[in-house]
Amino acid sequence: MPSPTRPVHVCTLTGTTCRLENEINLRQWGASRMKGQCFLKLTRQRLEETGPCAVAMEPASLENLHVLYQSTDFIVVNKHWDIRIDSKMWYEKQTVQSQLRHRFPELADPGTYYGFRFCHQLDFSTSGALCVALNKAAAGQAYRCFKDRLVTKAYLALLRGSVEKLKATLDFAIGKNTSEGKTHMMCIDGTEGCENPKPSQTELTVLEYGLYDGDPVTKVLLQPLTGRTHQLRVHCSAIGHPIVGDFTYSLRTDSAPYRMMLHAYLLRIPLEDEPICVTALDPFLPSVDPKWVPQCLVQPLEGALEGLLDCGLGAGNQGPEPQTTGGEGEGTSKSTKVSVESEEQRAQYQQWLYEWPEH
């Protein structure tokens with residue numbers, strides 16, 4: 001049997017040549033038709049990417065919206081860091097919503113407040129894959145996938161320090177911080193002033209160790225199993241490894257990096273008629289930011305994604321539970337399945353339904 005093909009895309013960025021290698025081994029991925037289709041779609045998307053190499057994104061502007069996927073029903077964009085999805089503030093002119101209106105004015109729906117139906121949220125400081133529904137029916141289909149916990153999301157991050165456990169489940173209930181001066185923050189159960197904490201779980205997989213601007217950091221893949229506000233940032237801070245550049249959860253000490261190093265890398269929405277599976281290319285590469293110097297590879301990103309999609313193909317996006325780190329003590333073994341819809345998700349769904357007028 002001939003060896004699988006290796007499509008290669010070569011582009012140039014400010015004199016530096018980047019080589020994006022995308023291997024499709026249908027013998028390996030073919031064990032699952034859906035997973036094979038997913039990775040084939042990811043490779044095609046990478047080869048068709050017209051933006052700068054390795055997503056070396058310049059600061060956001062109205063003109064530089066990066067589209068990862070587009071159909072008659074959905075658009076998936078690669079959101080810039082430090083830009084809001086939408087805003088009701090008159091002075092906030094630059095948002096993803098305004099980028100979409102500028103690029104696709106004919107697709108804006110006057111029957112909604114913002115003109116576009118965002119299927120989920122990303123923090124102001126977080127970059128990466130963001131899905132937008134272009135009509136009420138499409139939004140309803142996406143809503144059901146999110147509500148039934150069928151969506152798979154994975155994030156890349158650089159964390160301060162060297163994370164010891166190569167794979168762990170971070171299990172810390174998260175609530176609102178009511179302490180003076182911290183009401184814009186979330187906190188873990190047991191923190192003074194933590195109000196109404198809710199169960200929250202995140203799976204962490206170590207990919208690589210290295211240095212960022214001379215300091216030790218760990219590159220990780222994060223999969224949120226729940227949808228709390230600032231969940232990934234709070235969980236990483238809770239284990240003593242805050243995200244590089246997270247000014248808020250480093251208690252205003254980590255201000256040197258040009259951005260917070262958290263990126264929504266993978267988004268998989270198993271819609272019945274139009275399954276979406278896209279990646280927003282990894283921005284944490286030496287070719288993009290020379291301050292990041294990898295030193296020890298633990299697991300290739302492709303290998304970590306294979307295991308994640310194996311788990312994500314099952315009902316409820318549940319899979320084998322790795323070692324758990326949380327309020328019950330480090331190193332304890334615990335089987336946890338989260339089936340309760342988060343309050344943030346419920347509020348988002350209600351807002352969607354409110355904005356979907358009958359035509």
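Predicted model: local features only at pLDDT ≥ 70, side-chain atom pairs only at ≥ 80, totals over all residues.
A nonpolar core, as I use the term, is a set of buried Ala, Val, Leu, Ile, Met, Phe, Trp, Tyr and Cys residues joined through side-chain atoms within 4.5 Å. Buried means under 20% relative accessible area, exposed means over 50%, and partly exposed is in between, with a 1.4 Å probe and protein chains only.

Residues are numbered from 1 along each chain as its sequence is written, and side-chain values use heavy atoms, with hydrogens and water left out.

Now the overall picture. The protein has seven helices and 17 strands; these are DSSP runs numbered from the N terminus, helices being H or I with at least four residues and strands E with at least two. There are 359 residues, and 52% of them count as buried. A contact means heavy atoms within 4.5 Å. Taking contacts between residues at least 6 apart in sequence, 65% join residues at least 24 apart.

In soluble globular proteins, nonpolar side chains tend to be buried together. Here the largest nonpolar core has 52 residues, and Leu 100, Leu 221 and Leu 222 have the most contacts inside it. Strand β7, residues 152-160, gives this core its largest share, six residues. A second, separate core has 20 residues, including Tyr 69, Ala 133, Ala 138 and Ala 280.

What does Leu 222 touch, not counting residues up to four places away in sequence? Among its partners are Lys 153, Ala 154, Tyr 155 and Ala 157, then Thr 202, Glu 203 and Leu 204, and also Leu 232 and Cys 236.

Glu 203 leads us to a pair of strands. Thr 169 stands opposite Glu 203 in β12. Strand β8, residues 167-171, is joined by five bridges to β12, residues 201-212, and the two run antiparallel. Two strands count as paired if DSSP finds at least two bridges between them. Four of the five residues of β8 are buried.

Leu 232 and Cys 236 lead us to a helix. Helix α5, residues 231-238, is largely enclosed by the rest of the structure, because six of its eight residues are buried. Those six are Gln 231, Leu 232, Arg 233, Val 234, His 235 and Cys 236.

In the loop between β13 (215-224) and α5 we find His 230, whose phi is near 60 degrees, a positive value in a residue other than glycine. Just after α5, Gly 240 has a positive phi of about 85 degrees. Leu 251, in the loop between α5 and β14, is not a glycine either, yet its phi is positive at about 55 degrees.

Leu 251 has 56%, so it counts as exposed.
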